[in-house]
Every structure is written in C-alpha cells, then in structure tokens.
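Subject: Structure handover

Hello,

Here is the structure I said I would pass on. Please open it next to this message and follow along; the notes come after it.

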Amino acid sequence: MASLQAKLPAITLLSDLGLATATAWGLHAPGAEEPNPGTFVVDRSGAITWRRLADTRGDWPTYAEVAAALH
C-alpha cells in the first residue's frame, strides 16, 4: 500500500486490517475469511460519491472508471 500511495500522492489510500469498515459497508460476510472486493470514492465531507462492488477477486474497476468518478 505504501508504494502505491507514493505513486498516487493526490489520492488517500486506506487499509482496513481489522475489517471493521468492510463489515460496516457490507463487504465482509460473517464467517468469511476475506471481504468481497469493493472500490469507493469518498468526498471531503465523507459522502460516498461512487462505488463498485464485486463478487470475485480481480473484478476491479478500470483506471478510467475510477478517474471518471473523480471528476
């Protein structure tokens, strides 16, 4: 995460080691070892302005999709 953050200084990347956020946002099913993938754009006020939820690993949005969500 640190190396990716260094490449993207204008974007704040966060980790959720205890899965508290993943659970609160509906990404972690009780009993599952890992949360489902999800990508969120959160504005400065804390509102989720865009999200993409996935059912499988590797089902991530494209850079173009995320870039469009930032504008």
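Which residue takes a positive phi in the hairpin of β1 and β2? The answer is Gly46, with a phi near 95°. Five residues lie between the strands of that hairpin. Before going further, note that this is a predicted model.

The hairpin

Strand β1 covers residues 38-42 and strand β2 covers residues 48-53. The two run antiparallel and are joined by five bridges. To find a facing pair, look at Phe40, which stands opposite Arg51 in β2.

Thr39 is also part of strand β1. Thr39 counts as buried because its relative accessible area is 17%, and the cut-off for buried is under 20%.

The salt bridge

How many salt bridges does the structure hold? There is one. It is formed by the side chains of Glu65 and Arg52, with 3.1 Å from N to O. The pair links distant parts of the chain, as Glu65 belongs to helix α3 (residues 63-69) and Arg52 to strand β2, 13 residues apart.

Are these two partners buried, exposed or partly exposed? Glu65 counts as partly exposed because its relative accessibility is 34%. Arg52 has a relative accessible area of 22%, so Arg52 is partly exposed too. The range for this class lies between under 20% for buried and over 50% for exposed.

Leu19 sits in the loop between α1 (2-7) and α2 (20-24). The phi of Leu19 is near 65°, which is a positive value in a residue other than glycine. For background, most residues other than glycine have a negative phi.

Which residues does Leu19 touch, if neighbours within four places in sequence are left aside? Leu19 is in contact with His28, Glu33 and Pro35. Leu19 and Pro35 are 16 residues apart along the chain, and their C-alpha atoms are separated by 7.6 Å.

When you go through the model, start with Gly46 in the hairpin, then find the salt bridge of Glu65 and Arg52, and end with Leu19 in its loop.

Regards

Methods
Residues numbered from 1 in each chain as written. Predicted model: local features only at pLDDT ≥ 70, side-chain atom pairs only at ≥ 80, totals over all residues. Heavy atoms only, no water. Pairing = 2+ DSSP bridges. Helix = DSSP H or I, 4+ residues; strand = E, 2+ residues; numbered from the N terminus. Contact = heavy atoms within 4.5 Å. Buried < 20%, exposed > 50% of the residue type's maximum accessible area, 1.4 Å probe, protein only. Salt bridge = Lys/Arg side-chain N within 4 Å of Asp/Glu carboxyl O.
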